[in-house]
Structure formats: structure tokens, C-alpha cells
Amino acid sequence: MSRLLINPRLTDFHGIAVPQVDLDFAIPFFNEDVPLYVDPFLLWKSPSQLDQALHTSLINAFNHLGMLDGRGEREKAINILVRASECDEVGLGSSGKRKGKRISKNKAAEILDLFREIPNYQTKGFRHFEEIQFFIEGISKDRISDFTCNFIKSFLVDFTIDQCHSLRIPTGFTNIHIYNYQKNDFEFEKVELPINPQSGEPLILVPKRFLRFMPWISYDNYFEHHCPQDEIFHPG
């Protein structure tokens, strides 16, 4: 029966008759992205200590890139940013083929330059790294979502394994890049994840509570309600 389904979702393919509303994750498609995005602002604003800790880890990882740049390891920081800029395993965004494109090294360098050009970021780092979309052309909600997913991928993998075991979704061992917070870099790890039967690529599930159709934060909203007056910087 699963072979007859048109554009099947993970649960459809495995005959799991649980509606989306009753699941804790967004059900992924095999052939295209789900038009949702992880909004890191939701992690920060969440009452959950776990979510807040994930946001802290995310911000620490991002600010570490500025530290690398500041101590002369710019190329390493650029390579990490490029690697973190696309997360195909989660299948979120607007791609019709579940396959995105990473940012260029030049674009990564533009992001790192914010640590040099804006005094507050240079001295204190970011509190909300999604601010970069206000300053860097071509960085928008889908890219912020991918950065977030890559830096918290270790948690997402554990969440995926728990959900698959609970729902009896078949999994298989695969090697993926995961950010190591002890080494402050990506490395390959062998993990057990559900596999896309059409592409052979691993799938990672994302909690619904992290997701939005549109980012919570907008330029006007952020600078009016969430940014201290002494930190306001208007580009251009």
C-alpha cells in the first residue's frame, strides 16, 4: 500500500494512523519540505528550562564563532558557519526536493563581520542570533531555522529516537554531522534514525513547539519590545 501513496509522509508510509494534531512533531514528507521553520525566539521565550538551555547552547555556539574570528581562526569559523547553514535531515522550509543549498564562504564572512563592525556584538556577543537577518542580505527565516537545527541537532536526534521507539517507526544506523559542544565543531557520529525509503537519507523530527509558519520576531517588533535601548543599532 505504501508504494501507492502519492507524496507520502513518514507516518503514512509506515501505516501509523495518528493524526498530526496528536503528535509532538511535524510529520515530514519524503519528497519535499514542510513549510514550517524553527524559530529560536520560541526557545528563548519558552517556560521550559530545557528549551531555555537549548537556546543558551545555541547562542554560545554562535558567539564562539566570533571568538574564533577574533583570535585569528577566521577560516575555521567560516567553515563551521557554512556547514551549519543547511539541515536537509529536518525537511523544513520551501524546497520542493528536500535538498537545500549552503551559504557561500563570502556570505559566512559577512556574518562574521558583524562581530567586528557592531561594538555591542564585539564586546557582548549576540543574545538573539536571528538578528543577523536584519543586517545580512539573503539571510531569512529558512536560514535561521537551518542554523538552529544544526546547532541543536544532538537534542533533535535524541528526540527523534524517542518518538520512533514510542510509535514503532523503523530506524537504521547512519552517519551524520552533529555539533560537538565540547570541541566546538561538527563531527560525524553514527546514530539510529528513520530513513527516507526514496532517497536513503536520514530523517530528523522536530518538536512542534519549536515551529512557526512565520518568525515571531520582526525588525520593528524586536527593536521596540525586546532590544535594550543602549543596544539598538540601525544598519545603513
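Reply:
**Two helices in contact**

Helix H3 (residues 49-70) packs against helix H8 (residues 141-151) at an angle of about 105°, and their axes lie 9 Å apart. An axis here is a line fitted to C-alpha atoms, for a helix over the stretch in contact, and the angle between N-to-C directions can run from 0 to 180 degrees. Because of that angle, H3 is roughly perpendicular to H8; this label covers 65 to 115 degrees, while under 35 counts as roughly parallel, over 145 as roughly antiparallel and the rest as oblique.

The model is predicted: local features need pLDDT of at least 70, side-chain atom pairs count only at pLDDT 80 or more, and totals for chains, interfaces and linings use all residues. Residues are numbered from 1 along each chain as its sequence is written, and side-chain values use heavy atoms, with hydrogens and water left out.

From H3, the contact is made by Leu58, Ala61, Phe62 and Leu65, and from H8 by Phe147, Thr148 and Phe151. Contact means heavy atoms within 4.5 Å. By type, the residues of this contact divide into 6 nonpolar, 1 polar and no charged. Ala, Val, Leu, Ile, Met, Phe, Trp, Tyr, Cys and Pro count as nonpolar, Asp, Glu, Lys and Arg as charged, and the others, Gly among them, as polar.

Thr148 sits in helix H8 and is buried, with a relative accessible area of 0%. Buried means under 20% relative accessible area, exposed means over 50%, and partly exposed is in between (1.4 Å probe, protein chains only). Not counting residues up to four places away in sequence, Thr148 touches Val38, Pro40, Leu43, Leu58 and Phe129. Leu58 also belongs to the H3 side of the helix contact.

Another threonine, Thr160, is found in helix H9 (residues 153-167). Thr160 is buried too, with a relative accessible area of 0%. A polar atom of the Thr160 side chain lies 2.8 Å from the backbone nitrogen of Leu205. Leaving aside neighbours within four places in sequence, Thr160 is in contact with Leu193, Pro194, Leu203, Ile204 and Leu205.

As for the whole protein, there are 10 helices and 4 strands. Helices (H or I, at least four residues) and strands (E, at least two) are DSSP runs, numbered from the N terminus. Buried residues make up 50% of the 236 residues.

Terms used:
A polar contact is a pair of N or O atoms within 3.5 Å; within protein, one must be able to donate a hydrogen and the other to accept it, and residues adjacent in sequence count only if both atoms are side-chain atoms.
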